[in-house]
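The sequence and structure are shown first.

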Amino acid sequence: MADLNLILLGPPGAGKGTQAAQLTNEFGIPHISTGDILRAALANETTLGKEAKRYMDAGELVPDEVIIGVVLERIAEDDARDGFLLDGFPRTVAQADALGGELAQLDRRLTAALLIDVPDDIVVKRISGRRTNPRTGRIYHVDFDPPKQEGICDEDGTELIQRDDDKEETVRTRLTVYHEQTAPLIDYYDERGLLCHFDGTASPREVHAHIRSTLATLKLEDEL
Ligand code: ADP
Ligand code: ADP
């Protein structure tokens, strides 16, 4: 069976991480989130974390040369041999070109770019209510997906936090950055026949069902 090499596209707060958590279990591929990788590097005060901090705090993108190498190394690891779900990468045309080049070198190709689209006003509501388990990355929302006990993760009892860059002012910058630098990737992947579009305003369950059925069809086509 062919490998399943996927990327998730969409504005901050679209629900990429929420969907990725379920999909990777079902399809048996690793969830590679560049945001999670960078936040872990920050917490561990590694060289990568120190380089990335000021950009993340400001809501801007970490420079391409800092992030590209990290991702290309990660997708070459053993657990990504049968595929991967990239979340938060690529975010620029240079990153998309680097990914495509590396996959070609490995004699692999991208299966699909999954775009989860939501308008800006919904993004702001979602991000302002987002709470995260800093240990596992599990995502909640104070209104749309609250934990059983306020502020505490259902799974391991860790106290939930609000990310520093989820403040409204930083969110506005992140949205501008998305429209300027990342949204051009929608046409980029559409031109290559790889784009699958999903309405991210539906409930998490509905979005999940749509993505799942699209992936099932893609896998089937591949096997025929
Ligand atoms: P969200 O999906 O909510 O926008 P992420 O967790 O994906 O947030 O990213 C948080 C921050 O990490 C970004 O604002 C950016 O500073 C940095 N970052 C993550 N992925 C990349 C990337 N591929 N290129 C550059 N910067 C990135
Ligand atoms: P992204 O990874 O794209 O930045 P997240 O998956 O972290 O987005 O979701 C952002 C916030 O919105 C979280 O608090 C999450 O619980 C909530 N959320 C995710 N998907 C939906 C949805 N379909 N409807 C309502 N809220 C959602």
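In this predicted model, an N or O atom in the side chain of Arg 130 lies 2.6 Å from an oxygen atom of ligand 2. Such a polar contact is a pair of N or O atoms within 3.5 Å; within protein, one must be able to donate a hydrogen and the other to accept it, and residues adjacent in sequence count only if both atoms are side-chain atoms. The backbone also takes part: an N or O atom of Gly 17 is 2.8 Å from an oxygen atom of ligand 2, and a polar backbone atom of Pro 204 is 3.3 Å from a nitrogen atom of the ligand. On its own, ligand 2 has 570 Å² of accessible area, of which the protein covers 93% (Shrake-Rupley method, 1.4 Å probe; for residues, only the protein chains shown count as cover). Two or more residues of the shell come from each of α1 (16-27) and β6 (139-141). Here helices (H or I, at least four residues) and strands (E, at least two) are DSSP runs, numbered from the N terminus.

Residues are numbered from 1 along each chain as its sequence is written, chains are lettered from A and ligands numbered from 1 in the order in which they are written. Local features need pLDDT of at least 70 and side-chain atom pairs count only at pLDDT 80 or more, whereas totals for chains, interfaces and linings use all residues; side-chain values use heavy atoms, with hydrogens and water left out.

Arg 130 also has a side-chain N or O atom 3.0 Å from an oxygen atom of ligand 1. The side chain of Arg 91 places an N or O atom 2.9 Å from an oxygen atom of ligand 1, and a polar side-chain atom of Gln 95 is 3.0 Å from a nitrogen atom of that ligand. The protein covers 96% of the 560 Å² of accessible area that ligand 1 has on its own. Helix α2 gives the largest share of the shell around ligand 1, 4 residues.

The table sets out the two shells, in which a residue is near a ligand if one of its heavy atoms lies within 4 Å of it. Ala, Val, Leu, Ile, Met, Phe, Trp, Tyr, Cys and Pro count as nonpolar, Asp, Glu, Lys and Arg as charged, and the others, Gly among them, as polar.

| Ligand | Surrounding residues | Classes in the shell |
|---|---|---|
| ligand 1 | 19 residues | 7 nonpolar, 4 polar and 8 charged residues |
| ligand 2 | 18 residues | 8 nonpolar, 7 polar and 3 charged residues |

Helix α3 (residues 47-58) has the buried residues Leu 48, Gly 49, Ala 52, Tyr 55 and Met 56, where buried means under 20% relative accessible area, exposed over 50% and partly exposed in between (1.4 Å probe, protein chains only). Viewed down the axis of α3, these buried residues fall within an arc of 135°, so they line one face of the helix; the arc is that of the directions from the helix axis to the C-beta atoms. Thr 47, Lys 50 and Arg 54 are exposed on the face turned away from the buried side. The cover over the buried residues includes α2 (34-43) and α4 (64-75). Gly 59, with a positive phi near 80°, follows α3.

Glu 26, in helix α1, is partly exposed at a relative accessible area of 36%. Leaving aside neighbours within four places in sequence, Glu 26 is in contact (heavy atoms within 4.5 Å) with His 208 and Arg 212.
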